[in-house]
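Student: I would like a close look at one part of this model. Please take the strands and go through them pair by pair.

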Amino acid sequence: MTALGLVLLALGATLVVLEAHVSSLGALGLPGVLALVGGSALAVSGLGGSLLLVVGVAVLLAVASIGAAVVVVPKGAAVRRRRVRTGAEGMIGQVGVVRSWDEPGGSVLLGGALWRARKAWPAADTEQLRAGDEVVVERLGGLTLGVRRAEEWELLL
């Protein structure tokens, strides 16, 4: 019984640590808590502990593990809801400034770097862009931005 209890304790601790790092929203944490509680009960009873001691240790471990899960799971869920800030996905919606423009494209200053740019929807905007115009990134194809003229409400953000 003691060996099985120790194996369950190790498995439970591993699952709880994995939950903290992987953020599976409780899919690893709940079985980990159950393994910790069961393992502690088996280990204490296998070592000759009384029923009161077994229940006390199991309840103590359960409360501590559930308390940790209550803190970790919402934080993991919040991280998943955050907007991407880096890479190609993070550039979509950013506002840049046209440095030069000769149809069909030009260069745009965005995030301290000059990018090649083309209109995201050429037929939709008949007015030509000029140096100093503010534009919004609609898409990214390779190293070329697809941009459109920024609207007033976008400049206020």
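Student: To begin, which residue in S4 is the bridge partner of valine 95?

Tutor: The partner of valine 95 is valine 136 in S4. Some ground rules come next. This is a predicted model, in which local features need pLDDT of at least 70, side-chain atom pairs count only at pLDDT 80 or more, and totals for chains, interfaces and linings use all residues. Residues are numbered from 1 along each chain as its sequence is written, and side-chain values use heavy atoms, with hydrogens and water left out.

Now the terms. Strands (E, at least two residues) and helices (H or I, at least four) are DSSP runs, numbered from the N terminus. Two strands pair if DSSP finds at least two bridges between them.

Start with the overall arrangement. 5 strands close into a barrel, in the order S1-S2-S3-S5-S4, with mixed pairing. From one strand to the next, the twist averages 50 degrees. Angles run from 0 to 180 degrees between N-to-C directions, with axes as lines fitted to C-alpha atoms, for helices over the stretch in contact. Strands of a sheet pair through backbone hydrogen bonds, either parallel or antiparallel.

S1 and S4 run antiparallel and are joined by 3 bridges. The bridge between valine 95 and valine 136 involves S4. S1 also runs antiparallel to S2, with 5 bridges joining them. There, serine 100 has serine 107 in S2 as its bridge partner. The link from S1 to S2 is a hairpin through 2 residues.

Next comes S2 with S3. These strands run antiparallel, and 6 bridges join them.

S3 then meets S5. This pairing is parallel, over 4 bridges. Arginine 116 has threonine 144 as its bridge partner in S5. Lysine 119 stands opposite valine 147, also in S5.

Now the side chains. The largest nonpolar core has 12 residues: Met91, Val98, Trp101, Val108, Leu110, Trp115, Ala117, Leu129, Val135, Val137, Leu145 and Val147. Such a core is a set of buried Ala, Val, Leu, Ile, Met, Phe, Trp, Tyr and Cys residues joined through side-chain atoms within 4.5 Å. Buried means under 20% relative accessible area, exposed over 50%, and partly exposed in between (1.4 Å probe, protein chains only). At least two residues of this core come from each of S1 (95-102), S2 (105-110), S3 (113-119), S4 (134-141) and S5 (144-149).

Take tryptophan 115 as one member of that core. Leaving aside neighbours within four places in sequence, tryptophan 115 is in contact (heavy atoms within 4.5 Å) with Met91, Gly106, Ser107, Val108, Leu110, Leu140, Leu143 and Leu145.

Last, a glance at a helix for contrast. H3 has 31 residues and reaches 45 Å from its first C-alpha to its last, close to the 45 Å expected at 1.5 Å a residue. That expected span is 1.5 Å times one less than the number of residues. Val54, Ala58, Ala62, Ser65 and Gly76 are buried in H3, and H2 is included in what covers the buried residues of H3. Lysine 75 also lies in H3, and counts as exposed because its relative accessibility is 59%.
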